[in-house]
Amino acid sequence: MDFRLVSEFGPKGDQEQAIAKLVKSIKAGNRHQTLRGVTGSGKTFTMANIIEQIQRPTLIMSHNKTLAAQLYSEFKTFFPDNAVEYFVSYFDYYQPEAYIPRSDTYIEKDSSINEEIERLRLSTMGSLITREDTIVVASVSCIYGLGNPEDYKDMMFGVHQGEELGRDEFLTELVNLLFERNDIAFQRGNFRVRGDVVEVRPAYLEETAIRIEFFGDEIDRITSIDTMSGHVIDEMTHYVFYPAKQFVSSKEKLKGAMVAIRQELDDRIAWFEKNGKLIEAQRIRMRTEYDLEMMQEMGFCQGIENYSRHITGRKPGDRPYTLLDFFPDDYLLLADESHATLPQVRGMFEGDKSRKSVLVDHGFRLPSAMDNRPLRFDEYMKMTQRRLYVSATPGPFEIVNSRPDNPTFIPIKSRKEADFDPTFFKRLVIKASGADEDPEDFDVSRSGGQLIVEQIIRPTGLLDPVLTLRPLKAQIDDTIELCQQRVEKEERVLITTLTKKTAEDLTEYLQGVDLKVRYIHSDVDAIERVEILRALRAAEFDILVGINLLREGLDLPEVSLVCILDADKEGFLRNETSLIQTAGRAARHLNGECVLFCDTITDSIQCLLDVTEFRRSVQRDYNEKHGITPTSVKRAVQKSLHDRGVTSKTGQEMNTSLVAEDEMVFNAVEVIREMEDEMQKASAKLEFEKAAHLRDQIKELKKRAGLDKDESKGKGPVAYKFAKKRGKGK
């Protein structure tokens with residue numbers, strides 16, 4: 001299916017010329033192009049139009065999960081008929097394995113995996129393999145090691161109606177795909193068997209399972225069912241099962257890998273013993289042999305990614321397979337907020353290398369674990385051929401690579417030097433990046449074929465927010481007063497601080513003066529961050545306090561005021577780029593204002609003042625010339641990531657918002673799902689009193705909500721039907 005953009009609006013303002021220039025540049029084969037667009041100018045809509053015209057699979061990279069989730073929601077709306085996927089780190093909490101030699105402290109790997117994000121990652125891999133109309137919104141997690149796409153393809157298992165296939169043979173194939181049998185708790189990645197009926201819950205589907213019905217040694221029927229109600233969603237003639245895990249390999253490759261791992265283990269033990277490191281030798285022997293036993297018996301072990309070099313058959317030092325390998329060669333890369341995304345990509349490799357070197361040296365991991373790593377920046381650049389950098393404040397790397405022969409973007413005092421020194425541009429990028437020498441990861445060309453496109457005009461006619469400077473002395477009292485004024489107008493407020501502790505303390509203090517306020521920072525898990533931003537837009541609270549997350553790309557049209565505390569504290573959080581990006585969060589509201597609390601005007605603040613005045617003058621002239629009256633951006637509040645519908649037997653979505661006796665509207669089916677999951681967990685922990693209490697609550701909830709059990713539906717899980725008073729099909 002072709003990429004088809006669905007929108008009631010067309011390109012306006014600067015968007016049309018930006019789209020035409022960038023599409024022409026990309027089709028001409030240029031590797032670098034930059035879209036420099038102000039906040040609120042519709043950069044995301046421009047990106048969507050470019051995807052539609054280029055018609056190639058696209059990777060959209062973002063530097064944080066919150067912005068990635070917002071982009072995912074927007075592109076799902078723009079391309080409802082295409083595969084739009086979300087690929088970020090699936091850890092809500094992650095403590096990497098580490099060793100501190102000074103204190104002889106070993107820190108075991110500890111993590112909390114978000115099952116919903118894991119499902120979305122598996123869905124991404126499946127879509128890239130089976131569809132060409134795929135858009136992936138990803139964080140830098142996409143440059144970390146992943147399974148070999150060829151192994152993933154080879155292990156895919158298809159079934160067809162009428163095919164001769166025994167039930168036991170089918171179950172064996174499911175186990176090879178790392179599915180687990182569980183006839184009680186039917187979770188993702190599980191299957192259950194009931195006579196000649198096998199129900200499989202793929203790890204990449206949300207609330208859908210696949211039911212395979214056998215007649216002897218023949219597949220008689222294939223259907224998709226709702227896991228909650230058991231209703232049939234659709235009849236199918238065939239279905240393809242993907243592996244249930246991200247790291248998979250065939251039995252033959254795994255056996256060969258185990259031989260190679262044991263050989264490396266013997267060599268490593270001999271090396272440790274030769275150098276008198278007996279403790280390290282014993283340590284690596286015990287750990288690796290345990291992992292080998294697990295692979296032998298289970299086909300999997302904890303930390304199996306550390307053996308990925310052997311499993312995938314790579315040579316020492318070869319780059320790992322990543323999500324980028326799942327894309328075709330001519331895919332399009334859009335680096336959103338590139339000034340933050342590209343430096344983050346550049347910094348991942350060295351941090352990972354430093355930690356793992358210590359583990360290898362002290363016998364906690366084999367040397368091959370060093371090859372389970374993120375991509376180096378030069379490897380990343382080689383794997384991306386068509387690049388579009390998108391930012392309101394592009395960095396030196398984007399500017400120099402996108403248009404190296406244009407002196408407009410070079411400081412005036414350096415232009416003369418640039419005219420005579422052919423190495424000037426490369427040295428400029430190296431200096432900006434902090435590199436000590438000329439690395440291979442800078443792809444600087446003097447061809448002049450690259451392009452930078454400005455997108456300054458906002459289709460809404462809005463001007464950059466008004467800037468106000470206030471002294472530090474009474475910044476908290478002034479902030480409270482400003483917040484109260486905006487709350488009375490039913491407008492929202494963002495407040496940025498310098499530390500997490502300050503954000504939490506300020507939130508508590510503002511709550512004490514009867515303001516509805518919450519905070520957000522990196523300790524808040526990814527899904528909850530999205531829910532907090534959605535709640536802010538939905539007016540569930542009025543003020544959001546944050547640190548570094550309230551910057552690039554956040555689309556919050558209801559925010560009319562941004563307060564920047566301690567604005568004159570020069571540093572990463574208060575430099576030129578940060579101030580411009582943070583102030584831009586109020587650029588989507590007609591009454592947009594940014595208040596900076598400072599006692600001195602730093603160079604960064606002065607730059608913000610100059611840039612804002614220039615942009616305001618350009619937009620003001622455009623509005624007067626075209627007779628535009630500025631209006632605030634209006635956009636529907638995105639759906640919660642937790643929203644789920646229940647599908648009826650006819651394939652139509654049921655209304656799951658039910659009215660209880662007290663007329664309070666709530667999602668009864670979702671609450672029941674959560675409570676049943678909690679009940680099963682309590683039972684697994686032998687907390688039977690708690691499980692029984694939850695069972696009684698579930699029973700009462702079903703009764704009050706108008707749900708009753710229908711035991712007469714034959715095979716399959718118990719189905720729920722809505723009371724007749726709610727109407728059929730609802």
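Two residues are in contact when heavy atoms of theirs lie within 4.5 Å. By that criterion, and leaving aside neighbours within four places in sequence, glutamine 619 is in contact with Ile456, Ile457, Arg458, Gly461, Leu462 and Leu463. The structure described here is a predicted model. Its protein chain contains 21 helices and 31 strands, and buried residues account for 53% of its 730 residues.

**The chain as a whole**

- The accessible surface of the protein chain amounts to about 34,300 Å², and carbon and sulfur atoms contribute 49% of that area.
- Of the contacts between residues at least 6 apart in sequence, 72% join residues that are at least 24 apart.

**The parallel sheet**

- An open sheet is formed by 6 strands, arranged in the order S20-S25-S24-S21-S23-S22, with parallel pairing.
- Strand S20 (466–470) and S22 stand at the edges with a single partner strand each, so one side of each has no neighbour in the sheet.
- From one strand to the next, the twist averages 20°.
- Strands of a sheet pair through backbone hydrogen bonds, in either a parallel or an antiparallel manner.
- S22 and strand S23 (residues 543–546) run parallel and are joined by 4 bridges; tyrosine 519 has valine 545 in S23 as its bridge partner.

**Helices that pack on the sheet**

- Helix H19 packs on the sheet and touches S20 and S25, and its direction makes about 155° with that of S20.
- Helix H15 (residues 475–488) lies across S20, strand S21 (492–496), S23, strand S24 (559–564) and strand S25 (593–597). The angle between H15 and S25 is about 170°.

**Glutamine 619 in helix H19**

- Glutamine 619 belongs to helix H19, which spans residues 603–626.
- With a relative accessible area of 1%, glutamine 619 is buried, because that value falls under the 20% limit.
- The side chain of glutamine 619 reaches the backbone nitrogen of arginine 458 at 2.7 Å, and Arg458 is also among the contacts of glutamine 619.

**Leucine 59 in strand S2**

- Leucine 59 is located in strand S2 (residues 58–61), and its relative accessibility of 0% places it among buried residues.
- The C-alpha atoms of leucine 59 and leucine 333 are separated by 4.9 Å, although the two residues are 274 residues apart along the chain.
- Not counting residues up to four places away in sequence, leucine 59 touches Val136, Ala138, Cys142, Leu324, Phe327, Tyr331, Leu332, Leu333 and Leu334.

**Helix H4**

- Helix H4 (residues 115–130) comprises 16 residues. From its first C-alpha to its last it reaches 23 Å, close to the 22 Å expected at 1.5 Å a residue.
- H4 is mostly covered, with 13 of its 16 residues buried.

**Aspartates with positive phi**

- Most residues other than glycine have a negative phi.
- Aspartate 104 has a phi near 55°, a positive value in a residue other than glycine. Its place is in the loop between strand S5 (98–100) and strand S6 (105–107).
- Aspartate 104 has a relative accessible area of 53% and is therefore exposed, the limit being over 50%.
- Aspartate 514 likewise has a positive phi, of about 65°, although it is not a glycine. Aspartate 514 sits in the loop between helix H16 (500–511) and strand S22 (517–520).
- Aspartate 514 is exposed, with a relative accessible area of 73%.

Note on methods. Residues numbered from 1 in each chain as written. Predicted model: local features only at pLDDT ≥ 70, side-chain atom pairs only at ≥ 80, totals over all residues. Heavy atoms only, no water. Helix = DSSP H or I, 4+ residues; strand = E, 2+ residues; numbered from the N terminus. Expected span 1.5 Å × (residues − 1). Buried < 20%, exposed > 50% of the residue type's maximum accessible area, 1.4 Å probe, protein only. Areas by Shrake-Rupley, 256 points an atom, 1.4 Å probe, with all protein chains shown as cover. Polar contact = N/O pair within 3.5 Å; in protein donor to acceptor, adjacent residues only side chain to side chain. Pairing = 2+ DSSP bridges. Axes fitted to C-alpha atoms, helices over the stretch in contact; angles between N-to-C directions.
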